[in-house]
Amino acid sequence: MAAEHHSPLEQFRVEHIGGNLSLGGYDISFNNSALWMLIAVAAITVFMLVGIRKQAVVPGRWQALVEFLYDFVANMLKENVGNEGRKYFPWVFSIFMFVLFCNLFGLLPNSFTVTSHIIVTFALALMVFIIVTAIGFIRHGLHFLSFFVPKGAPAWLLPLMIPIEIISYFIRPMSLSVRLFANMVAGHVMLVVLGSFVLPLGLAGAYISGIVPVAAITAIIGLEFLIACLQAYVFTILTCIYLNDAVHMNH
Amino acid sequence: MTENDPERLQKLDARLKAARERIEGGSGADRQQSAADSKLAAAGWRMSLELVVGIVFGLGLGWLVDFSLGTKPWFMIIFMFLGLAAGILNIMRTARDIQRHQR
Amino acid sequence: MPQLDPTSFSPQLFWLAIAFILLYLLMSRLVLPRVGKVLGQREERIQGNLEKAVKLKAEAEEVLAAYQKSIADARAEAHSALNQAAAEIAAATAAREADFARKLAEQTAVAESRIKVSKTQALADIRTVAGDLAAAMTSKLTGVTVNGSDAGGAVEAVLKERA
């Protein structure tokens, strides 16, 4: 998969597709990253719609998978937020599916991993942060600020505790985005580096020494698949946990 | 009508109850177990970054304050420790969540 | 690292916003309601089937109860019929016994009165025979002729003495 890449980081390069576009002075040209985002959106929609099209009472495999994903996110939301979380379900489900499909598509040869760009993961995390904070203020008004005052702490500690609470609140989007970004980048760099061992060796006819990296690549692709799913899960469950904080205001 | 009809009815009763529990009571024990496992894994991932991000965020914030007030390097140091504390706080919360879920 | 190239930020942010908003609209308007509907229908159907099964079971129990009740009723009826028959038989027997006893008593009374009559008759006969016998014996032994009625009076006196 890495034949045409010179550097392991080459796969993360953003390349323009078509001409330059701009909006209000900002460059908004279509590129491979945008292409894979739209591919993910289209794939998710088609996958869900085709899976559910028969609306069978006894589901086939595909429909069962669609229903599993629906139930999976719905249960996550219910366990962490309770019934008040129901109205945020489409939003949380969109986050989960978007991250999951972008992660998984990144495993395809010659694809582009949208979630390996910090700006994308940070934008997603920032969206979660802003929406959750907005929900907190809409539901509780200014009372939401008392979220930053730890309960049961002695008064003389508050000048120290409140900044710590605020910082711990503000580092959420950063750890959320860096975690996803770092996992995706690390896995893909590893894949490409190992791939670059396999191809020259294979071409040179050194099949035996090529076998080891092939086995390693197979194992790592399996691991990457797991990590792609797990990171989508982690991103979503943290969204649910933050949502719960905003809805119920308890740490 | 035969003699074991009441017995058959009782068996039917038990099966109906089981079906109702399956639908309403939700999952069996192993499904809950695997859910708990994945929750633990997720919690591990959550913890892995908090300290680093906390410190980096503190350093960045401190640098900004120092830059604007010309107080280098004091706020950087203070905020680094605050960021570290915030990271520890997040880790402690995660650990408490895990304990709560395990119970 | 290409990720840190700031010129790639604005197009990615723009297209991310487009893609995510599009995804959100597709999911919330089109996809999720459909999946939710299918799941809801299934739940309803399962719930309905379960309820039907519970209802059928209740009906079966009702039928069983009715059956058991009819058996019990029949048993009770048979029992009471049996009791009644026994009582009737007992009553008939008692009546017949009473009748028999009454008849027996009547017959006994008739027989007793008859015996009484013949006894008094016999006693009276014995007096005359004894008087005659006494007169005949007196005349034979003493040669004195005794009047029959005198002898009768003497016998009467002796009987009274002894009685």
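This is a predicted model: local features need pLDDT of at least 70, side-chain atom pairs count only at pLDDT 80 or more; totals for chains, interfaces and linings use all residues.
Student: How are α2(A) and α1(C) oriented to each other?

Tutor: Axes are lines fitted to C-alpha atoms, for helices over the stretch in contact, and angles run from 0 to 180 degrees between N-to-C directions. Under 35 degrees counts as roughly parallel, over 145 as roughly antiparallel, 65 to 115 as roughly perpendicular and the rest as oblique. These two axes come within 11 Å and cross at roughly 100 degrees. That's why the pair is called roughly perpendicular.

Student: And how do the residues of that contact divide by class?

Tutor: Ala, Val, Leu, Ile, Met, Phe, Trp, Tyr, Cys and Pro go down as nonpolar, Asp, Glu, Lys and Arg as charged, and the others, Gly among them, as polar. For α2(A) against α1(C) you get six nonpolar, two polar and three charged.

Student: Which side chains meet in a salt bridge?

Tutor: The rule asks for a side-chain nitrogen of Lys or Arg within 4 Å of a carboxyl oxygen of Asp or Glu. Across the interface of chain C and chain A it finds one such pair. With N to O at 2.8 Å, the partners are A:Glu67 and C:Arg42.

Student: How does α1(A) pack on α1(C), parallel or antiparallel?

Tutor: Helix α1 of chain C runs over residues 9-142, and its axis is 9 Å from that of α1(A). The contact holds 19 nonpolar, three polar and one charged residues. The packing angle is about 5 degrees, so the two helices are roughly parallel.

Student: What area is buried between chain C and chain A?

Tutor: Buried area is the accessible area (1.4 Å probe) that two parts lose on being put together, summed over both. The contact draws 32 residues from chain C and 49 from chain A. Carbon and sulfur atoms give 79% of the total, which is about 3,700 Å².

Student: Within chain A, how do α3(A) and α4(A) run relative to each other?

Tutor: Helix α3 covers residues 89-105 and α4 covers 118-140; their axes come within 12 Å and cross at roughly 170 degrees. Among the contact residues are A:Trp91 and A:Phe98 of α3(A), and A:Met127 and A:Ile131 of α4(A). By class, the contact has nine nonpolar, no polar and no charged residues. Given the crossing angle, the two helices are roughly antiparallel.

Student: Where does A:Gln55 sit?

Tutor: Its phi is near 50 degrees, a positive value in a residue other than glycine. A:Gln55 is found in the loop between α1 (32-52) and α2 (61-81) of chain A.

Student: What is the omega of the peptide bond from B:Lys72 to B:Pro73?

Tutor: B:Pro73 lies in the loop between α2 (29-69) and α3 (74-102) of chain B. The bond is cis, with omega near -5 degrees.

Terms used:
Residues are numbered from 1 along each chain as its sequence is written. Chains are lettered from A and ligands numbered from 1 in the order in which they are written. Side-chain values use heavy atoms; hydrogens and water are left out. Contact means heavy atoms within 4.5 Å. Helices (H or I, at least four residues) and strands (E, at least two) are DSSP runs, numbered from the N terminus.
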